[in-house]
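Please read the following report alongside the sequence and the 3D view.

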Amino acid sequence: MDILNIENCTIRYQEQEAAVEHVSLSVGEQEIVSIVGESGSGKTTLIRAILGILPPGGTVTEGKILFQGKNILELDETSLQKLRGTEIAMIFQDVGASLDPIRIVESQYRESILAHRKMAKADCRSLEKEMLAKMHLTDPERVMVSYPFELSGGMKQRVGIAMSMTARPRLLLADEPTSALDVTIQAEVVREMKKLREQYETAIILVTHNMGVASYISDKIGVMCKGELVEFGK
Ligand code: ADP
Ligand code: MG
């Protein structure tokens with residue numbers, strides 16, 4: 001059974017040429033699909049559409065995006081918000097930048113957990129510690145009381161991934177999650193993502209520039225060029 005089916009999807013910004021044109025692809029339960037392609041080929045636009053967070057002016061003008069069989073393009077904002085962060089999570093290229101610079105990690109992490117469910121403070125703490133340890137942050141206690149500027153880029157990215165995985169989403173969308181990191185840390189973060197898939201049975205769509213990463217992690221790879229999906233396969 002597929003968790004996501006994109007059917008003949010076309011996306012435009014205002015009156016411009018289509019940014020994504022007649023794209024169809026499917027993602028099975030627990031599958032990892034990588035999307036590669038030159039800059040400007042429509043990768044970010046496509047995965048933002050899945051979460052209903054296209055930038056202003058962007059619209060899906062044709063096609064369907066079925067998540068667990070339901071067309072997310074027909075959902076209202078309330079239902080979409082319920083999906084976000086619980087069923088579908090997204091990791092951006094520079095997660096470090098999306099952390100609040102003036103609050104310690106623990107405080108923002110807790111807020112992101114409590115946005116989706118009720119939980120006592122102590123339980124939050126142990127869940128946070130457990131997830132940070134899973135991302136191989138060697139001293140979770142210290143990370144939790146740190147401000148973002150006290151952490152390296154790789155550490156912040158792992159904090160971001162840990163936060164995204166905490167709700168155990170069915171589908172994780174990752175837009176170049178490791179591009180800002182150096183090569184050895186990239187490999188480590190990608191290995192951790194693969195492990196999380198095994199533990200939590202999360203399907204992943206990974207946008208990447210790195211063919212090595214794509215071939216290591218993926219069950220399927222899609223190649224985009226000028227808005228079209230020119231190849232898609234194992
Ligand atoms: P990629 O992620 O593969 O680099 P994008 O999805 O960001 O590609 O961009 C695809 C196309 O859509 C490009 O032609 C880009 O100029 C256009 N585009 C992206 N974001 C916007 C936006 N916010 N407003 C107008 N056009 C955009
Ligand atoms: Mg992009």
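The sections below take up the basis of the model, its sheets and its ligand in turn.

## Basis of the description

This is a predicted model, in which local features need pLDDT of at least 70 and side-chain atom pairs count only at pLDDT 80 or more, while totals for chains, interfaces and linings use all residues. Residues are numbered from 1 along each chain as its sequence is written, chains are lettered from A and ligands numbered from 1 in the order in which they are written, and side-chain values use heavy atoms, with hydrogens and water left out.

## The six-stranded sheet

An open sheet with mixed pairing is formed by six strands in the order β6-β7-β8-β3-β9-β10; helices (H or I, at least four residues) and strands (E, at least two) are DSSP runs numbered from the N terminus, and two strands pair if DSSP finds at least two bridges between them. The edges are held by β6 (88-91) and β10 (228-233), each of which has a single partner strand, so one side of each is left without a neighbour in the sheet. Strand β9 (residues 220-225) pairs with β10 in the antiparallel sense over five bridges, and V223 stands opposite E231 in β10.

Helix α8 (residues 183-200) lies across β3, β7 and β8 and runs at about 160° to β8, where axes are lines fitted to C-alpha atoms, for helices over the stretch in contact, and angles run from 0 to 180 degrees between N-to-C directions. Contact here means heavy atoms within 4.5 Å.

Four strands form a second open sheet, antiparallel in its pairing, in the order β2-β1-β4-β5. Because β2 (20-28) and β5 (70-71) stand at its edges with a single partner strand each, one side of each is left without a neighbour in the sheet. Six bridges join β1 (residues 2-13) to β2, with N5 opposite S26 in β2.

Helix α1 lies across β1, β2 and β4 (58-67), at about 120° to β1; α1 (residues 43-51) also lies across strands of the six-stranded sheet, including β7 (171-175), to which it runs at about 150°.

The residues around ligand 1 include Y13, E38, S41, K43, T45 and P55, a residue being counted if one of its heavy atoms lies within 4 Å. Helix α1 gives the most to this shell, with three residues.

Among the polar contacts (pairs of N or O atoms within 3.5 Å), an oxygen atom of ligand 1 is 2.8 Å from a side-chain N or O atom of K43, and one is 2.5 Å from a side-chain N or O atom of T45.

Terms used:
Polar contact = N/O pair within 3.5 Å; in protein donor to acceptor, adjacent residues only side chain to side chain.
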